[in-house]
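Work through the exercises below with the structure open beside you, and try each task before reading its solution.

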Amino acid sequence: MSLYQLSKLMFDLNRDGDLSDRFKQDPESVVCAYALTEEERGALLGPDIGLLYVLGVNGQLLMHYAALCGIEWSDYLQRMRDGVLVHGPVRAGIYALTTSPHTKVAG
Amino acid sequence: MSLVFAGVCSHAPGITGREERAPRELRDPFYAAYDRMRRALEDSRPDAVIVIAAEHFANFFMNNMPAFAMGMAESYTGPIEAVDWLKVPKREIRGDPALSQRLITTILDTVDVAYAEEWRFDHGIMVPLHFLDPQNRMTVIPANINCQGPPLTPLHRAWAFGEAIRRAADAAPERIAVIGTGGISHWPATPDSGRINEPWDREFLGRWARNDRTAMLSYTDAETYAEAGQGGFEIRTFIAAAAAAGGPGQVLHYAPIPIYAVGCTVATMEIA
Ligand SMILES: [Fe+2]
């Protein structure tokens, strides 16, 4: 479990334009510098936004990663709900789902 | 000279980023309230505005998370978010390193605040500035309270930080404004985005407007998380602003706008 490393990568991508450009060209070359589990790596490269959410990535990082991946807002929310249906409840952090994965709150 | 203005407002990125997705009858009065706050702020003729924000990993991360930080740079940039996502243009914001240094020196007497000569503003500061300083004329000094990466800054320390800012502002010859930014109850960036606990918000705003220190500091983080979401942790910025101001507050606007993911709030507070 290396949620910190996964989160750090998203923090770095959000701050560093050169890194995020390189990530868009060749994501593996960026990801290899972070100590991720296979599950985390797969979720990141998918990208499997739902699994990243369930792994406990802080929403303030995940929402920017989703935007970087070109995922529109309502789609981002739906992917998180779908992630909970597929992978179960959020495993860590302070961004757990408090409604039902079948509930669309807004957007 | 002294503290000349205090207020608080929402900073959710949806306020600008998803502007057109809210009904106009909800959006327009909210924007109008920001404009009233802008005029009140301008009328106070501040030499510098301290924006007490709750940032979201734009600068501070779990590798080295300060409980409190203040900017001490010549200038700042923002927003860090993509312009087509936040819909706020990039700008350079003027700072005042000498004033920052004097303020921070005084604040350090009572609060261990980190200082930062680099700071990239995220929506926590840029959304308020977009409305409150659209011409980019003001001198800004950013301040941050850790509301995002637990263990969080305790509420009573947020109060102490506000008091320390007040002492520092009163000791400076400049005219200083303080603006706290954050949500009240909200569940941002989760599938619950748009959930808003209006009764909880109104209760909190009542305590805030009375500047009832004991009542504001009585929330536990467990209660706040359960009833107001992780976004509710940002009440720290409102609490610090209240401690700095000292007087009663006036809520200019409060109304939930679910697509903006927050109970949209604009309020000013008397300096006492
Ligand atoms: Fe926030």
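This is a predicted model: local features need pLDDT of at least 70, side-chain atom pairs count only at pLDDT 80 or more; totals for chains, interfaces and linings use all residues.

Residues are numbered from 1 along each chain as its sequence is written, chains are lettered from A in the order in which they are written, and side-chain values use heavy atoms, without hydrogens and water.

**Exercise 1.** Find how the rings of Y34(B) and F131(B) are arranged, and which parts of chain B they tie together.

Solution. A search of the whole structure finds 18 aromatic pairs over all chains (Phe, Tyr or six-membered Trp rings with centres within 6.5 Å). For Y34(B) and F131(B), the ring centres are 4.1 Å apart and the planes lie at 5 degrees, so the pair is stacked (planes under 30 degrees apart). Next, Y34(B) belongs to helix α2 (residues 24-43) and F131(B) to helix α5 (residues 123-132), so the pair ties together parts 97 residues apart in sequence (helices being DSSP runs of H or I, at least four residues). Finally, Y34(B) is buried at 1% relative accessible area (under 20%, with a 1.4 Å probe and protein chains only), and F131(B) is buried too, at 12%.

**Exercise 2.** Which ring lies under R18(B), and which under the charged end of R195(B)?

Solution. R18(B) lies over the face of W73(A), 3.8 Å from the ring centre (Arg CZ or Lys NZ within 6 Å of the centre and within 35 degrees of the ring normal). The charged end of R195(B) sits over the ring of W187(B), at 4.0 Å from its centre.

Definitions and conventions: Rings of Phe, Tyr and Trp (its six-membered ring) pair if their centres lie within 6.5 Å; planes under 30 degrees apart count as stacked, over 60 as edge-to-face and the rest as tilted. Helices (H or I, at least four residues) and strands (E, at least two) are DSSP runs, numbered from the N terminus. Buried means under 20% relative accessible area, exposed over 50%, partly exposed in between (1.4 Å probe, protein chains only).
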